[in-house]
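Please open the model in your viewer and keep the selection tool at hand.

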Amino acid sequence: MKIALDPTPLHHSHSLLEIPAKVRELGYDHLQLTPHADFIPFFRHPKADDDLVDAFAAACRDADVQIASVLPVLRWSGPDEESRRAAVKQWKRVLEITARLGVGVVNTEFSGRPELQEESERQFYWSMEELLPIIEREGIQVFIDPHPDDFVEDGLEALRVIRGLNSSHVGLAYVACHTFHYGGNTAEIMAAAGQSLGLVHIADTFDHHRSHGLRYITNPPGNAARVHQHLRIGDGDVDWDGFFGGLGKLGFLDRDDTVAVSSVFAEDEDVDAVSRYQREQILSRIASAPRH
């Protein structure tokens, strides 16, 4: 299993080409290439030309850091058809960049709308009809997170949507800090996903269902806001023994092709210490997790 750092907290303190060296300084061999204004921004066409792609690849080589995954967030399931077509075009460039970097893993979100579930799901399948042949031809694995406020948020339902593609190149990304939006049933979701679970994000969060639904208070009462955190391990309510135990039973922890990403966004002011703490915690919990 590759242990990678999500460098999002570094985006405001380091230039794009400085990030790989900082990731190495923090003790990581791998990074996740997350949305960045100079490379692949959120919901917009990639801004990296081939020269910048090559420069970033060179910065990674110089730092002895590998790119474990590329994470775009684009409106490929958006119910608006013009936005969906634009996202497909953006996705094609993302796949070109991923292949040029020599990376074999992309993880992403469904990026639809929960109030338009049927329409968003339909758009997702239309997009994948065009993109899946490219994904399969390039030999890329795509792992999808049913992100809070998406057209599919439940973990088991996400697996059904993914299974409908009938492709071994698409699987589930399990983001631990989304656990309580997935349904809170980590063991059931992992067991159902099996070998199609290829990437996880490791960050803690509070269970918003606790205290009779008053763990968070938003106004007006009953609004549709989704709230979660990306905290360091142990600062929230995620069952980490169950999480790592579930991965151990799947063989996830001992495979060469799986990715675990530390993705803490709540303490940018202490990013160095938090990133090192996360790596130590992940390594310790991998060592003690039960297998098969």
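Select α9 and α10 together: Trp240, Asp241 and Phe244 in α9 meet Ile282, Arg285 and Ile286 in α10, contact being heavy atoms within 4.5 Å. The model is predicted, with local features requiring pLDDT of at least 70 and side-chain atom pairs counted only at pLDDT 80 or more, while totals for chains, interfaces and linings use all residues. Residues are numbered from 1 along each chain as its sequence is written, and side-chain values use heavy atoms, with hydrogens and water left out.

Two packed helices are described by the angle between their axes and the distance between the axes. Here α9 (residues 240-250) and α10 (residues 271-288) pack at about 60°, with axes 9 Å apart. Helices are DSSP runs of H or I with at least four residues, and strands are runs of E with at least two, numbered from the N terminus. Axes are lines fitted to C-alpha atoms, for helices over the stretch in contact, and angles run from 0 to 180 degrees between N-to-C directions. The pair is therefore oblique, the class left after roughly parallel (under 35 degrees), roughly antiparallel (over 145) and roughly perpendicular (65 to 115).

Eight of its eleven residues are buried, so α9 is largely enclosed by the rest of the structure; buried denotes under 20% relative accessible area, exposed over 50%, and partly exposed in between (1.4 Å probe, protein chains only). Among the buried residues are Trp240, Phe243 and Leu250. The buried residues of α9 pack against β6 (170-175), α7 (186-193), β7 (197-202) and α10. At the N-terminal end, Asp239 caps α9, with a side-chain oxygen 3.3 Å from the backbone nitrogen of Asp241. After α9 comes Gly251, with a positive phi near 80°.

Now select Phe243, one of the residues with the most contacts inside the largest nonpolar core, which has 81 residues. Such a core is a set of buried Ala, Val, Leu, Ile, Met, Phe, Trp, Tyr and Cys residues joined through side-chain atoms within 4.5 Å. Helix α3 (residues 81-101) gives the most to this core, with seven residues.

Finally, select Glu153, in the loop between β5 (141-145) and α5 (155-163). Is Glu153 buried or exposed? At 17% relative accessibility, Glu153 counts as buried. The side chains of Glu153 and Arg226 form a polar contact of 2.9 Å, a polar contact being a pair of N or O atoms within 3.5 Å; within protein, one must be able to donate a hydrogen and the other to accept it, and residues adjacent in sequence count only if both atoms are side-chain atoms.
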